[in-house]
Amino acid sequence: MTKNTTDALPAISLETLGNQIVDALSQEIISGRLTPGQRVDLSYYAVQWNISITPVRDAARKLEALGLMEIFPRRGVFVATLNARDVKELFDVRIALESATVRLATPNIPREEAEQTRALYLQAGETLHQQSVEQSLPAVDLLIHKLALQYCDNARLSKMMQEMWSQIEWCQNTVASQLQEPFLTTLPEHIAICDAVIAGDAEAASRAMYRHLTLTSERIQRLLIHSG
């Protein structure tokens with residue numbers, strides 16, 4: 001007897017559509033095309049994508065849960081804003097998770113991949129004066145972070161980090177990029193993490209990650225306080 005899979009198809013299709021909308025809207029925010037505090041016209045996106053408003057609203061609620069949007073009854077949907085307290089809370093969690101992530105990952109990361117990552121940081125530093133900081137930073141800033149996430153070998157930890165990743169990239173693109181010479185500031189911090197990973201010293205890698213993220217959090221908080 002042939003199994004009838006017709007009933008399953010609509011659910012898979014709807015789930016895929018919902019995920020696509022969440023991804024598309026989050027990229028509008030992470031990329032900066034939608035800016036913090038901006039009102040979001042969900043009907044505009046429904047028209048542009050030729051879909052009903054319902055899945056777009058569902059996506060907005062999911063993005064609110066991720067901290068990227070804020071929904072106010074009778075006022076509308078807005079891109080969330082970041083203040084110094086928001087950054088501190090985000091980084092408090094990030095510091096705890098990523099320090100553990102790199103500690104677990106260090107024994108698993110192939111040395112050649114860690115050395116290649118370190119070389120890419122150095123290369124970006126050497127070519128910094130040939131391109132703008134805005135171009136240099138996003139290209140390499142998260143390399144060691146993503147390498148640690150790839151090799152941490154802990155599904156629960158990976159899931160928690162992946163759920164935070166959109167907020168991390170959003171903070172990176174909208175706030176951290178405004179720091180004075182951010183790449184030059186973070187370059188030695190990233191290299192220190194790479195050096196510890198290359199040496200196979202998991203505890204040193206964890207300490208270097210902790211220091212890097214703590215300093216980054218403090219720099220961003222100072223920027224937000226002074227600009228506010």
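1. Is Tyr44 buried, partly exposed or exposed? Tyr44 is partly exposed, at a relative accessible area of 44%, where buried means under 20% relative accessible area, exposed over 50%, and partly exposed in between (1.4 Å probe, protein chains only). The model is predicted, so local features need pLDDT of at least 70 and side-chain atom pairs count only at pLDDT 80 or more, whereas totals for chains, interfaces and linings use all residues. Residues are numbered from 1 along each chain as its sequence is written, and side-chain values use heavy atoms, with hydrogens and water left out.

2. On the overall make-up, the protein has ten helices and three strands, these being DSSP runs (H or I of at least four residues for helices, E of at least two for strands) numbered from the N terminus. Along the sequence the pattern reads α-β-α-α-β-β-α-α-α-α-α-α-α.

3. The three strands make an open sheet in the order E1-E3-E2, with antiparallel pairing, and its edge strands are E1 (39-40) and E2, each of which pairs on one side only. Two strands are taken to pair if DSSP finds at least two bridges between them. E1 is joined to E3 by two bridges in the antiparallel sense, and Arg39 stands opposite Phe78 in E3.

4. Strand E2 (residues 69-72) and strand E3 (residues 76-79) are likewise antiparallel, with four bridges, and Met69 stands opposite Val79 in E3. These two strands form a hairpin with three residues between them, and in the turn Arg74 has a positive phi of about 70°.

5. Three aromatic pairs are found in the structure, and Tyr44 and Tyr45 form one that is edge-to-face, at 5.2 Å centre to centre and 80° between the planes. Rings of Phe, Tyr and Trp (its six-membered ring) pair if their centres lie within 6.5 Å, with planes under 30 degrees apart counted as stacked, over 60 as edge-to-face and the rest as tilted.

6. Tyr45 is buried, at a relative accessible area of 8%, and the centres of the Tyr45 and Trp49 rings are 5.2 Å apart with their planes at 40°, so this pair is tilted. Trp49 counts as partly exposed at 32% relative accessibility, and Tyr44, Tyr45 and Trp49 form one aromatic cluster.

7. As to cysteines, a search of the whole structure finds zero disulfides, a disulfide being a pair of cysteine sulfur atoms within 2.5 Å. Cys171 is buried, with a relative accessible area of 2%, and Cys194 counts as buried at 0%.

8. Of the 228 residues, 43% count as buried, and the accessible surface comes to about 12900 Å², of which 51% belongs to carbon and sulfur atoms. Accessible areas come from the Shrake-Rupley method with a 1.4 Å probe, and for residues only the protein chains shown count as cover. Among contacts (heavy atoms within 4.5 Å) between residues at least 6 apart in sequence, 74% join residues at least 24 apart.
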